[in-house]
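Trainee: I'd like to learn how to read this structure feature by feature. Could we take them one at a time?

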Amino acid sequence: VQLQASGGGLVQAGGSLRLSCAASGRTFTTYVMAWFRQAPGEEREFVAGISRFGRAIYYANSVKGRFTISRDNAKNTVFLQMNSLKPEDTAVYFCEAGTEIKYRYEEYDYWGQGTQVTVSS
């Protein structure tokens, strides 16, 4: 499956962004989906995950209450709504597809090129 993330950009602290990840190549509902992020010099970390039909959702503690993951299976797209952004949210954000929600990016089957999010103070 091919994944294409978009929607990143530069935003001031307290602002919002909505990331999208379009999937193609295989049946979208085959996969759970997740967002990870990687800041310069840091490990890629789990941000949020959603089950195949959206019944189960998981968030990292650092984003809980500020970020919302959702998916539109009719459009083969997963979203990440990011509110109340902080400078520490600055990173490249990646979407990933797999068979189970995992907290390590290597345990997913597919990931695409990320999208840069920069939050200025």
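Mentor: Buried means under 20% relative accessible area, exposed means over 50%, and partly exposed is in between (1.4 Å probe, protein chains only). Before we go on, this is a predicted model, where local features need pLDDT of at least 70, side-chain atom pairs count only at pLDDT 80 or more, and totals for chains, interfaces and linings use all residues. Residues are numbered from 1 along each chain as its sequence is written, and side-chain values use heavy atoms, with hydrogens and water left out.

Trainee: Which residue forms a salt bridge with Lys102?

Mentor: A salt bridge is a side-chain nitrogen of Lys or Arg within 4 Å of a carboxyl oxygen of Asp or Glu. Here the partner is Glu100, with the closest N and O atoms 4.0 Å apart. Glu100 is partly exposed, at 47% relative accessible area. By this rule the count comes to six salt bridges. Another one joins Glu106 to Arg104, with 2.9 Å between the closest N and O atoms, and Glu106 is partly exposed at 40%.

Trainee: Which residues are linked in a network of salt bridges?

Mentor: Arg37, Glu45, Arg66 and Asp89. Look at Arg66 and Asp89, whose closest N and O atoms are 2.7 Å apart. Arg66 lies in the loop between E6 and E7 and Asp89 in the loop between E8 and E9, so the pair ties together parts that are 23 residues apart in sequence. The E labels are strands: helices (H or I, at least four residues) and strands (E, at least two) are DSSP runs, numbered from the N terminus. Arg66 is buried at 10% relative accessible area, and Asp89 is buried at 0%.

Trainee: How do I read a sheet?

Mentor: Strands of a sheet pair through backbone hydrogen bonds, either parallel or antiparallel. The rule used here is that two strands pair if DSSP finds at least two bridges between them. E7 is joined to E8 (residues 77-82) by six bridges, and Ile69 stands opposite Leu80 in E8.

Trainee: And what about disulfides?

Mentor: A disulfide is a covalent bond between the sulfur atoms of two cysteines. The cut-off is a pair of cysteine sulfur atoms within 2.5 Å, and the count comes to one. Cys21 and Cys95 form that disulfide, with their sulfur atoms 1.9 Å apart. Cys21 sits in strand E3 (residues 17-24) and Cys95 in strand E9 (residues 91-98), so the pair ties together parts that are 74 residues apart in sequence. The torsion about their S-S bond is about 50°, so the disulfide is right-handed. Cys21 counts as buried at 0% relative accessibility, and Cys95 does too at 1%.

Trainee: Which residues touch the most other members of the largest nonpolar core?

Mentor: A nonpolar core is a set of buried Ala, Val, Leu, Ile, Met, Phe, Trp, Tyr and Cys residues joined through side-chain atoms within 4.5 Å. Among the 35 residues of the largest one, Met33, Trp35, Val78, Leu80, Met82 and Tyr93 touch the most other members. E4 gives the most to this core, with five residues.
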